[in-house]
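Student: I should like to work through a protein structure with questions and answers. May we begin once it is shown?

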Amino acid sequence: MKDEKLAKQMSEAAGSFLKTLNDDQKKTAVVPFSDLSRFDWHFTPRTRKGLALKYMNAAQRRAAMAMVQLVLSPEGYSKAEQIIDLENVLRVVESRPANDTYRDPENFAFLIFGNPGSSDPWGWRVEGHHLSLHFSSVNGEITYTPSFMGSNPGKVLADVPQKGKRILKSEQDLAFELLHSMNASQHEKAVLAEQSPNEIFTSNSRKASLDKMEGIPMSEMNSEQKDLFKKLIMAYLDRYHVTLKNQQWDKLEKADIDKIHFAWMGDKEAVIGANHGQYYRIHGPGFLIEYDNTQNGGNHIHTVVRDLANDFGEDLLRTHYEKAHVK
């Protein structure tokens, strides 16, 4: 699905950001589209390629965050801002000094791949601890995967202004609601293991793949469960601009949403404490969502949305280059 308007707006937002930078900053913030760093992504605290917020002035930060605001929904943008703010919570929880650079709300880096003003494929990402968002533009079509959002803590328990906050509340609560609605035979299919894994299976791989779809397909759910399952999927898709959300939902419908599977591992109740946690995945033709909440006693959430063929726009790029070669 093409959206020339959104593609143009994204290009203009990136161009506006670049105009605020000096030459040295541009050297840090821009690499060729062919640069392999495009695929070197992670959601752990680390030094990142790109221009970090800490090296921007106020106007540059506004321009950078305007890029994020454009491609996310208001709800998605709020989640991104809150994920960044959780670094301040972790500083308190871990008794770190205010100038600590391991838990750092300014260590979120922006990197642009290629030239936003040209007709050639280009892209950009923003990445820091628990936030890794990738957008690619190919012939007026925008892709948004891989897309990672995490929350540590999943629920803020410390006595801080953010106490009680659950950034990924819907992603957790709707999944439990769906699981609890199932009868014994449905449970038998949906629950793969009593113990949850310590991490999402696809981690930060360049190409996401799982051997097979496991769990219970939507076709074996009743109408109320199907509605719940769709709400759960939408809890992820609602993070993005309405065009990107609709584009993804159309793809799921064309591939047959009845084939989308729900699989669960770990606790069947939301309990925070040692040896507790849960994992689930939503796996359909060409599409994967993973959720893991196992670290820190089931209070440290990782979620990722992957396109099994088109992460980083690779499927679109293949078609683009094949057409160019034919000409």
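Student: How many Å does helix α3 (residues 58–71) reach from its first C-alpha to its last?

Tutor: The model is predicted, so local features need pLDDT of at least 70 and side-chain atom pairs count only at pLDDT 80 or more, while totals for chains, interfaces and linings use all residues. Residues are numbered from 1 along each chain as its sequence is written, and side-chain values use heavy atoms, with hydrogens and water left out. Helices (H or I, at least four residues) and strands (E, at least two) are DSSP runs numbered from the N terminus, and the expected span of a helix is 1.5 Å times one less than its number of residues. For the 14 residues of α3 the expected value is 20 Å, and the helix comes close to this with a reach of 21 Å.

Student: Which residues of α3 are buried?

Tutor: A residue is buried under 20% relative accessible area, exposed over 50%, and partly exposed in between, with a 1.4 Å probe and protein chains only. In α3 the buried residues are Q60, A63, A64, M65, M67, V68, L70 and V71.

Student: Which residue caps the N-terminal end of α7?

Tutor: Helix α7 (residues 223–237) has 15 residues, which should span 21 Å at 1.5 Å a residue, and its end C-alpha atoms are 21 Å apart, in agreement. At its N-terminal end, a side-chain oxygen lies 3.1 Å from the backbone nitrogen of E224, and that oxygen belongs to N222.

Student: Is T294 buried or exposed?

Tutor: T294 is placed in the loop between β12 (287–293) and α9 (295–298). Its relative accessibility is 12%, and therefore T294 counts as buried.

Student: What is the volume of the largest pocket?

Tutor: On a 1 Å grid over the protein atoms alone, a pocket is an open set of points with protein on both sides within 12 Å along at least five of seven lines, a cavity is a set where a 1.4 Å probe fits but cannot get out, and lining residues have an atom within 4 Å of a point. Grid points are joined across faces, edges and corners, and a volume is the space filled by probe spheres set on the points. The largest pocket has 14 lining residues, with R46, T47, R48, A52 and N107 nearest its centre. Its volume is about 210 Å³.

Student: Which elements give two or more residues to the lining of the second largest pocket?

Tutor: The second largest pocket holds about 150 Å³ of space. Its lining includes E141, T143, Q247, K251, D315 and T319. The elements that give two or more residues to this lining are β6 (141–143), α8 (242–254) and α10 (314–326).

Student: Which residues line the largest cavity?

Tutor: There are 3 cavities of 30 Å³ or more, and the largest has a volume of about 40 Å³. Strands β4 (122–128) and β5 (131–138) each supply at least two residues of its lining. The lining residues are R38, F113, G123, W124, R125, H134, F135, S136 and F312.

Student: What is the radius of gyration of the protein?

Tutor: The protein has 10 helices and 13 strands. The globule rule, 2.2 Å times the number of residues to the power 0.38, is compared with a radius taken over C-alpha atoms. For 327 residues the rule gives 20 Å, and the protein is close to this, so it is as compact as a globular protein of that length, with a radius of gyration of 20 Å.

Terms used. A polar contact is a pair of N or O atoms within 3.5 Å; within protein, one must be able to donate a hydrogen and the other to accept it, and residues adjacent in sequence count only if both atoms are side-chain atoms.
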